[in-house]
Amino acid sequence: MNEAGMKCPQCSTFNNKILQTRSSPFHIKRRRQCLDCEARWTTYERVRPCNPVEGESV
Ligand SMILES: [Zn+2]
């Protein structure tokens with residue numbers, strides 16, 4: 001699991017809220033705001049494909 005994007009880039013706490021969420025077929029974009037220092041940043045989360053193809057040679 002990758003939770004690095006949820007950490008505040010300024011004060012490194014995980015104390016933040018989501019201001020806005022926008023999803024596309026490829027990723028979910030979230031606007032976050034730190035509750036401690038009020039820094040704002042954006043995270044992008046990969047959307048897993050419905051049919052994961054692993055280890056298959058094309
Ligand atoms: Zn912060």
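Strand 2 and strand 3 form a hairpin in which 5 residues lie between the two strands, and glutamate 38, located in the turn, has a positive phi of about 65°. Strands, like helices, are taken here as DSSP runs numbered from the N terminus (E, at least two residues, for strands; H or I, at least four residues, for helices). The structure is a predicted model, in which local features need pLDDT of at least 70 and side-chain atom pairs count only at pLDDT 80 or more, whereas totals for chains, interfaces and linings use all residues. Residues are numbered from 1 along each chain as its sequence is written.

The protein has 0 helices and 3 strands, and its pattern, read along the sequence, is β-β-β. The strands form an open sheet with the order 1-2-3 and antiparallel pairing, where two strands are regarded as paired if DSSP finds at least two bridges between them. Strand 1 (16-23) and strand 3 (40-46) each have a single partner strand and stand at the edges, so one side of each is left without a neighbour in the sheet. From one strand to the next, the twist averages 25°, with axes taken as lines fitted to C-alpha atoms (for helices over the stretch in contact) and angles running from 0 to 180 degrees between N-to-C directions.

Strand 1 is joined to strand 2 by a hairpin through 3 residues, and these two strands pair in the antiparallel sense over 7 bridges. Within this pairing, asparagine 16 has cysteine 34 in strand 2 as its bridge partner, while glutamine 20 has arginine 31 in strand 2 as its partner. Arginine 31 also stands opposite threonine 42 in strand 3, and strand 2 (residues 27-34) is joined to strand 3, again antiparallel, by 7 bridges.

Of the 58 residues of the protein, 7% count as buried, a residue being buried if 20 or more other C-beta atoms, placed from the backbone, lie within 10 Å of its own, exposed if 12 or fewer do, and partly exposed in between. Among contacts between residues at least 6 apart in sequence, 22% join residues at least 24 apart, a contact requiring that the C-beta atoms of two residues, placed from the backbone, lie within 7 Å.
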